[in-house]
Amino acid sequence: MSRGVTVRVPAKVNAQLAVGAPRPDGFHDLANVFLAVGLYDEVTVTPADELRVTCSGPDAAQVPLDATNLAARAAIALAERHGIAPHVHIHIAKDIPVAGGMAGGSADGAAALLACDALWSTGATRGELLAICAELGSDVPFSLVGGAALGVGRGEQLTTVDVGGTFHWVFAVADGGLSTPAVYGEFDRLTAGTDVPEPAASPVLLAALRSGDTTALAGALSNGLQAAALSLRPSLADTLAAGTAAGAQAALVSGSGPTTAFLVADAESARKVADALLTSGTCRTARVAVSPAPGATIV
Ligand SMILES: C[C@](O)(CO)[C@H](O)COP(=O)(O)OP(=O)(O)OC[C@H]1O[C@@H](n2ccc(N)nc2=O)[C@H](O)[C@@H]1O
Ligand SMILES: Nc1ncnc2c1ncn2[C@@H]1O[C@H](COP(=O)(O)OP(=O)(O)OP(=O)(O)O)[C@@H](O)[C@H]1O
């Protein structure tokens, strides 16, 4: 009988990503409407003689296994707060695309935190766990809570958003990743000398999510980092066009990219659009998923 704890954690797509001007600390204020999507990593922690990280899955070779791994950082942060040695083997079964703008590393951070908390019976409150998540990265608190939420500040201050139905997505995974800081840097370069408005959540988008109406949501999706991601990776325009031609109701870059996201009417259209994207040769692979999905959960 293993004494391990396993946590399942979802990827995210940004239904709206409004980006403000750079702050003195280098971050950008956001109005970030997160939606958790049903592509999952599973993180298992078991007692060990020292901290060790392993990873399996098709993209495993791209995942760092040292102390920079967000799952390792989460274990260390929790252990430090509770005076525990972080002697744990963390195994990541990775299904979320790496460096794809779907918060895969953030997901593993949130999952490892929840798993270690259970393994060590720390008694940490939800608020304490969320505070550690925010220290680890701007996307990490949302990976813990899942569902749908508006993130303000640098994206870490969350308010739940109501979602009235199930949305169907196709994700086109590109060859190679894009660095999140590089995409924000390109946003700064492209907007230099312009008046960047204060980011604000779109009432039309929030109403579309509440109604569960795919057509309304398709008209309201937006990503303020899209121009920057396309500037760094112009070939993404071909992927967006291929998905649109195949019948997607909306096509956009997912977060900082280079994964592209396609909102479709139902599961059947999802399969059709995924097949068309694959045969178009404009992406490495295509994945089908629904949203919203639950946050990090012990299984
Ligand atoms: C693009 C998104 O994925 C959208 O959800 C997030 O904003 C990125 O969140 P993340 O990967 O958790 O980012 P962090 O690890 O907090 O920050 C990485 C880097 O991204 C940039 N960054 C991130 C968040 C933010 N609000 N403004 C920024 O400028 C900064 O250069 C920062 O050094
Ligand atoms: N557990 C992890 N899984 C994947 N990458 C990790 C992990 N921990 C740290 N990293 C590092 O983080 C980088 C970004 O990976 P990640 O998959 O989180 O990107 P992302 O999905 O674009 O993130 P986001 O959408 O939050 O900006 C990777 O290139 C890798 O070096």
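**Reading an annotated binding site**

Tutor: The unreviewed UniProt entry marks residues 69-147 as "domain: GHMP kinase N-terminal"; such annotations may be inferred rather than shown by experiment, and positions follow the numbering used here, with feature names shortened. This is a predicted model, where local features need pLDDT of at least 70, side-chain atom pairs count only at pLDDT 80 or more, and totals for chains, interfaces and linings use all residues. Residues are numbered from 1 along each chain as its sequence is written, while chains are lettered from A and ligands numbered from 1 in the order in which they are written.

Student: Which residues does the "binding site" annotation cover?

Tutor: In the unreviewed UniProt entry, Gly104 and Ser106 are among them.

Student: Is Gly104 buried or exposed?

Tutor: A residue is buried if 20 or more other C-beta atoms lie within 10 Å of its own, exposed if 12 or fewer, and partly exposed in between, with C-beta atoms placed from the backbone. Gly104 is buried because it has 29 such neighbours; Ser106, with 25, is buried as well.

Student: Which residues are closest to ligand 2?

Tutor: Near means that a residue's C-beta atom, placed from the backbone, lies within 6 Å. Of the 22 residues around ligand 2, the closest are Ala103, Gly104, Gly105, Asp108 and Thr180.

Student: Which element gives the most to that shell?

Tutor: Helix H2 does, with four residues.

Definitions and conventions:
Helices (H or I, at least four residues) and strands (E, at least two) are DSSP runs, numbered from the N terminus.
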